[in-house]
Every structure is written in C-alpha cells, then in structure tokens.
Amino acid sequence: MMTGFMKHSLLLLSSLWVLSFPVAASDAPVPKLDKAKTSVLDTASLQRGADIYAQYCMGCHSLKYLRVNRAARDLGWTAEEGVLHFQYLRDGKGKPHDTILTTLDAKTAKAAFGVLPPDLSLEARLRGTDWIYTFLRSYERDAQGKVSNRLFEGVAMPYVLEGMQKELSPAAFDAAVGDLVNFMDYAAEPAKPIRLMLGWWVLGFLALLFTLTYLLKKEFWRDIKH
Ligand code: HEC
C-alpha cells in the first residue's frame, strides 16, 4: 500500500525528472560560439578595449553601473585621463565620478532602431564573452547591401565595426574585438582582476606556509629515533 507521503514523493521525483530534460525552444540548430580568449589581468588589452568601446559603442550603449574614475583606476589611468578616454563625446564636460553614459537619447534611439540599445554593463554576464565575441564577428553585407548577423537574426544594431573590419587583417580584427570583449567582461565585474590576483596571493601564501610548516616538522622530529 502506498502512503500519501510516498505518493507525493513519487510525484515530485517524476516532475523533477521531466524538468531535467533540456527544453527545445525551436528547431534551429544551436549556433557554435567562437572562443574569446580574454584575460582581465591584461591591462593593456583592457585599455585598448575601453578605447574601442568609447569610439564605437558609447554613442548608443551606456555602461551605467561603471563610474569613469573606477574604470580609470582599474585600467591604470588617472581620473582625468579616464574622463578623456570615456567622455570625449561630451566635449570634456564629464566629471570623474560620472557613470559611463551614452549621449543618445531614448526618443531618437527608438525612432532610429525601433528598440532601445540596451545598457551593456552586465552584458558579459548575461550572454557570456564567447557570445559577444561571436556576435560582433558575425555581421555580413550581401551583394544588395543588406546587413545581417548570422548569430542574431533580424538584429536592429547596425554593422558598426564594418569600417574597422575592412581596414584590419582578419587576425588583427579578431584581436581588436577580443580586447573590446575583454573590457566588457571587466565592466560586468570590475572586481574580477582583484579577485583573480587575490587568488594568486592566497596560493603563494599557502605555498610559503606549507614550506615553513614542513621545515618546522623536520626540526621537531630531528632527534627522535625511529
Ligand atoms: C548606432 C547605434 C549602436 C551602436 C554604435 C552600437 N550598438 Fe549595439 N545595439 C544597438 C541596438 C539598437 C541594439 C538592439 C538590437 C536588437 O535588439 O535587435 C544593440 C544590441 C547590442 C547587443 C546585443 C544585446 C542583447 O543581448 O540582446 C550587443 C552585445 C551590442 N549591441 C554590443 C555593441 C558593441 C560592443 C558596440 C560597439 C562595437 C555596439 N553595440 C555599438 C545599437 C548600437
């Protein structure tokens, strides 16, 4: 005989089992993402990425959770240099404690694109660096001049890196997009470089502690005959 409790457990287990199946959202094949080989400990790459962001993305997208002076400090710039790098669209009127905003107003954006360009502060967390890296390298222009993106069907964002892509060799373009994605990864978690560095300090400390403890153990047991 089955008790009520057993029945409930069985029901719960079977529903969990059903839930564990992957949900097929559509029949479209899942696109393969290219690997973005980024490292937020590479400050020179972050600086290059920040400059590309300021030049090519900030006109439409904000990074509203990141302050200019915070980014400047983490990227090895003074606050004033940070303002120069991030706020040039405002004719140098920005302040170091400003967040990184776009000068595009919502109304104009809506009229031009039909959708608002989203804030990109947390984009690297949302989509992952591989997705953004693949997305930015998946734009095409066909013979009729129509722009499309292999990863994002019907995307409202224009082919903003077209000029850069034409100017650079394929390897140099990939590297530039890599720097840009690296900066977006940093922007999504400004404490990440510190967190990673801290990890190495802790490992170094543990290695030192292990050596000292081992030497101490040898000292204690030196005169003890087995
Ligand atoms: C001319 C305006 C404009 C510029 C410049 C621009 N974007 Fe966009 N971007 C958009 C719009 C509009 C969308 C929304 C697309 C949609 O939903 O179809 C978008 C969407 C995106 C998305 C996808 C967001 C998501 O998860 O759905 C990413 C990532 C992105 N942009 C990154 C960038 C980067 C990086 C740059 C700089 C190289 C950049 N954009 C420059 C207008 C722009």
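Donors to a metal are taken here as N, O and S atoms within 2.8 Å of it (3.2 Å for Na, K and Ca), and since water is not among the atoms, sites may look incomplete. The structure is a predicted model, in which local features need pLDDT of at least 70 and side-chain atom pairs count only at pLDDT 80 or more, while totals for chains, interfaces and linings use all residues. Residues are numbered from 1 along each chain as its sequence is written, and side-chain values use heavy atoms, with hydrogens and water left out.

The iron atom of the ligand has as its protein donors His 61, through NE2, and Met 157, through SD, which lie 2.0 Å from it. The arrangement is octahedral because the 6 donor atoms around the iron atom subtend angles of 86 to 178°. Six donors count as octahedral if opposite donors are over 155 degrees apart and all others between 65 and 115. His 61 belongs to the loop between helix H2 (43–56) and strand S1 (63–67), and Met 157 to the loop between strand S4 (147–149) and helix H8 (162–167), so the pair ties together parts 96 residues apart in sequence. Helices (H or I, at least four residues) and strands (E, at least two) are DSSP runs numbered from the N terminus. His 61 counts as buried at 10% relative accessibility, whereas Met 157, with a relative accessible area of 21%, is partly exposed. Buried means under 20% relative accessible area, exposed over 50%, and partly exposed in between (1.4 Å probe, protein chains only).

The ligand is surrounded by 22 residues, of which the closest are Cys 57, Cys 60, His 61, Glu 123 and Met 157; a residue is included if one of its heavy atoms lies within 4 Å of the ligand. An N or O atom in the side chain of Glu 123 is 2.6 Å from a ligand oxygen, and a polar side-chain atom of Arg 127 lies 2.7 Å from a ligand oxygen. For Ala 156, a polar backbone atom is 2.8 Å from an oxygen atom of the ligand.

In helix H4 (residues 79–86), the residues Gly 82, Val 83 and Phe 86 are buried. Viewed down the axis of H4, the buried residues fall within an arc of 100° and therefore line one face of the helix, the arc being that of the directions from the helix axis to the C-beta atoms. Glu 80 and Leu 84, on the other side of H4, are exposed. The cover over the buried residues of H4 includes H2, helix H3 (68–74), strand S2 (99–100) and helix H9 (170–188).

Ser 45 is located in helix H2 and counts as buried at 5% relative accessibility. Its side chain is joined to that of Asp 179 by a polar contact of 2.8 Å. A polar contact is a pair of N or O atoms within 3.5 Å; within protein, one must be able to donate a hydrogen and the other to accept it, and residues adjacent in sequence count only if both atoms are side-chain atoms. With neighbours within four places in sequence left aside, Ser 45 is in contact (heavy atoms within 4.5 Å) with Asp 179 and Asn 182.

Gly 178 lies in helix H9 and is buried, at 16% relative accessibility. Not counting residues up to four places away in sequence, Gly 178 touches Thr 38 and Tyr 133.

How values were computed
Tetrahedral: all angles 85-135°; square planar, octahedral: opposite > 155°, others 65-115°.
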